[in-house]
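Welcome! Here is a friendly briefing to read alongside the sequence and the 3D view. Take a look at both, then follow the topics below.

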Amino acid sequence: MGNEKHLEFIGQLKVLETENDKVYRVRIKALNSATNRNNWRYINLEQHLQEFRDIPILTAYVGGGAIVGDGHNYNMRRDPKTGEEYPSFTAPDAERIVGWVPKDAEIRIENEDGVDWVVVDAGIWAWYSRELVDKIARQGSMEVSIETLVFDEYMDGDVAVETNYSVLGITILGNGVSPAVAGAKIQTLAELSELRNNMAEAVLKAASFIGEEAEPEPAGVEDPEIEPKNNSEKGAKSNMNYYSRKQLAELGAKFPQYTVLAAVSDENCIRVCLMAADGATSTYTMESENDTIVPEKIKKVNAQAQFCFGADCNVDVDVCEMTDALSASLIRSNTELDQTRKDLEAANATIKAMQEAETKRRINAAKETARNTLDKQNANREEKYSDEFLSTINADIEAGMYTERMNSENEWIGAAEVETRVLAECARQQAAIDEKLAKSKESTFVLDKFNNAKGKEPDGIGGLLSRMGKK
């Protein structure tokens, strides 16, 4: 995998004429050249027009199809044989392919209010996507997210300018839904190729519908977002409203000790499905979202997970049987984590103590080196070097000036640098002594020259009178 990154861009889908009952034609404003809300800007649009051919159009359904359109819904799974992670679209609310941009689609650049847009004409498989088609027809347009794989970019201030990219697909979003990939992962070009190969057969079959006679609509298909019709089947709930992920997150604040798995509402109440930290499942019924939660009203239930062995055999398993295994594993992991934290704290304490001891040793060694170096220089001298400068050097040692001094081989050289500094100070004092001695010798030499010029004369007063020319 390279350094490419996966990005999403919000565009818009509008309705064209219906070609037949099986292919619903739409026009998509896919990508533009302006800086978007994520501080990305795509350039070189003209060079990337071919990237929009032969790619899938996807959407997700939530709540058993009650909500049409959601986000980029898929989960990352790991292949037990190879250990490789891959995107899985098998969950009930995962994205599914509902249309495609044909290889011969009309793709061009249109300028709108000074902004260049990539505009794509595409098709949705209407017979298989009745609810989606009805929603687009009612609203007239829906937001879409263009997923791109970016290979090259540069920064213009805080804006990432995308110069080289590949288009993966187009997702039709739910109302008010922002792009969010579950288990975010940068996709490789191999994954893109696999995605296109997997959809090739479906594309060819859907393309063969164009020009054929329309098939009758399947009976009993209703739009869950339109006011439901009466349903006389015993126990059926025809007006249930499934909560979106955002609504579940807001509702979860009322149940801090639980995870809100799902919630549905009708004209009478709100039914909430809960799971505790230990995996136990419960239900709670509210009259409205403004209710004060009464813990005593939370009822434990034995939620069931269904294993399907085929058309004739389904096996129900208590969810607690599944979560107990996960809980046991989590407990073991937490116990190991706690022990690891304790071991890390002990190791850090040991390292800190060793560092403090080593710092103290280095300070003492540097001070000792300073004193020993000066004493060695004064050992055979009548006129000793002054040790006043040692107080300045010792203050610098205490302040840590030499504590972390290391050479290229990570060896401590602080003491050696202190020795060099002491020798330099001794040399400075020696220079001052030599200068003083030189001046003293120069005065003596002048007097001797004066005496020698007069010849050998008597000492004392007589000699002085003689030198003055008096007998």
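**A first stop in helix H4**

Thr373 is found in helix H4, which covers residues 319-378. Helices (H or I, at least four residues) and strands (E, at least two) are DSSP runs, numbered from the N terminus. Please keep in mind that this is a predicted model, where local features need pLDDT of at least 70, side-chain atom pairs count only at pLDDT 80 or more, and totals for chains, interfaces and linings use all residues. Residues are numbered from 1 along each chain as its sequence is written, and side-chain values use heavy atoms, with hydrogens and water left out.

- With a relative accessibility of 9%, Thr373 counts as buried; buried means under 20% relative accessible area, exposed over 50%, and partly exposed in between (1.4 Å probe, protein chains only).
- Leaving aside residues up to four places away in sequence, Thr373 touches Glu419, Val422 and Leu423; a contact here means heavy atoms within 4.5 Å.

**The chain as a whole**

- The protein chain has 7 helices and 19 strands.
- Of the 471 residues in the protein chain, 34% are buried.
- Among contacts in the protein chain with a separation of 6 or more, 61% are between residues 24 or more positions apart.
- The protein chain has an accessible surface of about 29,300 Å², and carbon and sulfur atoms hold 50% of that surface. Accessible areas come from the Shrake-Rupley method with a 1.4 Å probe, and for residues only the protein chains shown count as cover.

**Strand S12 and its partners**

- Why is strand S12 (residues 159-172) largely enclosed by the rest of the structure? Because 13 of its 14 residues are buried.
- Strand S3 (residues 40-42) pairs with S12 in the parallel sense over 3 bridges, where two strands pair if DSSP finds at least two bridges between them. In this pairing, Trp40 stands opposite Ala160 in S12.
- Strand S4 (residues 55-62) and S12 also run in the parallel sense, paired over 3 bridges, and Thr59 stands opposite Ile172 in S12.
- Strand S11 (residues 141-156) pairs with S12 in the antiparallel sense over 12 bridges. Here Leu149 has Ser166 in S12 as its bridge partner.
- The hairpin of S11 and S12 has 2 residues between the strands, and Gly157 in this hairpin takes a positive phi near 70°.

**Aromatic pairs**

- Rings of Phe, Tyr and Trp (its six-membered ring) pair if their centres lie within 6.5 Å; planes under 30 degrees apart count as stacked, over 60 as edge-to-face and the rest as tilted. By this rule the count comes to 4 aromatic pairs.
- In one of them, the ring centres of Tyr42 and Tyr165 are 5.0 Å apart and the planes lie at 90°, so the pair is edge-to-face.
- That pair links distant parts of the chain, with Tyr42 in strand S3 and Tyr165 in strand S12, 123 residues apart. Both Tyr42 and Tyr165 are buried.
- The rings of Trp100 and Trp125 have centres 6.0 Å apart and planes at 35°, so this pair is tilted.
- Trp100 belongs to strand S8 (residues 95-101) and Trp125 to strand S10, so the pair ties together parts that are 25 residues apart in sequence.
- Trp100 counts as buried at 4% relative accessibility, and Trp125 is buried with a relative accessible area of 8%.

**Charged side chains**

- Asp121 lies in strand S10 (residues 115-125) and is buried, with a relative accessible area of 6%.
- Which side chain does the side chain of Asp121 join through a polar contact of 2.7 Å? The partner is Arg27. A polar contact is a pair of N or O atoms within 3.5 Å; within protein, one must be able to donate a hydrogen and the other to accept it, and residues adjacent in sequence count only if both atoms are side-chain atoms.
- Lys29 lies over the face of Trp117, 4.6 Å from the ring centre; a charge sits over a ring if NZ of Lys or CZ of Arg is within 6 Å of the ring centre and within 35 degrees of the ring normal.
- Arg381 lies over the face of Tyr385, at 4.1 Å from the ring centre.

**Arg78 in strand S6**

- Arg78 is found in strand S6 (residues 75-78) and is exposed, with a relative accessible area of 52%.
- Not counting residues up to four places away in sequence, Arg78 touches Gly83, Glu84, Glu85 and Tyr86.
- From C-alpha to C-alpha, Arg78 and Ser88 are 9.4 Å apart in space, and they are 10 residues apart in sequence.
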